[in-house]
Amino acid sequence: MKKLVSVLLAGVMCASLLTACGGSSSTGSSNTSATAAGGTESTQTAAGKTTINIGVKSDLTSLDPHNHNDTISAYATRHIYNNLVKLTADNEFVGNLAESWEFKDDVTVEFTLKEGIKFHNGDTLTSEDVKFSLERQKESPKIGHLVSMIDNVEVVDDTHFIIHMNTPSNALISSLNHSGCAILDKSYTEALEAEGKTLESAPMGCGPYKFEEWIPGASFTLVKFDDYFDPETAAQNDKLVFKVIPEEAARTIALENGELDLIVDANTTDAQRIRDNASLALDECVSTHVEYLAMNTQKAPFDNKLVRQALNHAIKKDDIVIAAIDGEGEAFDNYIGKAAIGYYDTAVKYDYNPEKAKELLAEAGYPNGFTFTCYLAGEIRARSATIVQANLAEIGITMNIEQMEASTFYEKTGKGEHDACLAGWVANAEPDNTYRPLFTSEKAGAGGNRAFYKNPEVDKLVDDAATNRDSAAVQKDYETILHTVSDDAIWVPLYSKKGLCGRNKDLQGFTISPISMHDFYSLHY
């Protein structure tokens, strides 16, 4: 039943995370761990280490799973807490805290919890904890949207509860897999908040790790929970220390000298250097990451479809892959990553053809080109912009580049101040969480749709895909959406970057995730 529901919810997928990912390894001697900022000292050789040091590029923002929606924070909260369901490597939604579930009708789902699950403080998980957690999450401005389809949770007994939805939704089960849908201990959380404290300082769940310490700007540390309920996902190490090292080159050096055992999101510039080091390994995968040039379809000249199509013919994407990410990815012509659930190869493909671009500009009424400004944030996108700028100059278009801090970028593009902008998207496990924010009228601007694209037919298709229980119809909806938005040329898709993680070659148990939701409980020497 669970597998059937998974198929109904997610639709037919063209690429699985399992087949999309692969790793490379090399031989050589093991390293010795050394002290790093914010971390702990170890004199053990790698072969005997039980503390795993992981390098991350930024600090977490919150230890309350209902108060963040970022990857780094999820590295902590996903291991402190558990969810009702989880996504397997072959894209199947299976029970985590839930033993099973059954759709009684389109808006009613009955769940059974696994028995005897203990929180870190010894409390036993019950249906009351689930009700409390999901209702608390609904109030969150950060991740409340994930459970907006839930009207209420009815407790039947300690291990049985019913989710009543306010509308049919194919997104329910996959949303319950999101780190923001973590299940809390009701009595613990209420007592903590009654004392004027928060989960920020004292997170506590039923996951494979307990929280030990957070040193803002330096590190955060998790320790193994010995009474964890699931032997398949129990910690195979004693401690995880996440060390915050913003400088990409510094993370690579720390991996080389043994201060780190693993770095996530390895720098593309250092990828070959890691491959060439006999003591290290570079794990690689096809990711769900897409980089693109979004054109503001509500502003001239980008309110003209022919102009947008012209830009799609004018940009040489292969050059951008080399300049921006050192060749560690591929030129891309789709609007959703190959490894993502909901990817279909139905997007219109525009070949590099400057002469065709000029013809389209002339037909649109811009035979001599025009001038516009492109907003962006970050050095990688700045490198992309220089190639785009040069390509467009060849067909008579002048692109001015305005680089700014990320916060300013999101504010300005959210308000629609831009003519165009360079942006990116990493799809998660739920297609609706990509198609809806990127392509619907309601999400124009800060909601994610920075092309300010408004097409009632696409809006209808997105809504139907989210509620239709016929998996073939859902697939057809998504295929049609991809063809429509690419024919309307609301973006110039540029490239899809590889997922890259570097590690000590003797470190075992790591599986790289195309959606950056890596699991660390199985890491061991």
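Mentor: Asp326 has a relative accessible area of 37%, so it counts as partly exposed; buried means under 20%, exposed over 50%, and partly exposed in between, with a 1.4 Å probe and protein chains only. This is a predicted model, in which local features need pLDDT of at least 70, side-chain atom pairs count only at pLDDT 80 or more, and totals for chains, interfaces and linings use all residues. Residues are numbered from 1 along each chain as its sequence is written, and side-chain values use heavy atoms, with hydrogens and water left out.

Trainee: What is the phi of Asp326 near?

Mentor: Phi of Asp326 is near 55 degrees, a positive value in a residue other than glycine. Ser516 likewise has a positive phi, near 65 degrees, but Ser516 counts as buried because its relative accessibility is 18%.

Trainee: Which peptide bond is cis?

Mentor: The bond from Ala300 to Pro301 is cis, with omega near 5 degrees.

Trainee: How is a pocket read, and what lines the second largest pocket?

Mentor: Rolling a probe the size of a water molecule over the atoms shows where empty space is left. On a 1 Å grid over the protein atoms alone, a pocket is an open set of points where a 1.4 Å probe fits, with protein on both sides within 12 Å along at least five of seven lines; lining residues have an atom within 4 Å of a point. Here the lining includes Asn312, Lys317, Phe332 and Asp333.

Trainee: Is Pro493 buried or exposed?

Mentor: Pro493 is buried, with a relative accessible area of 2%.
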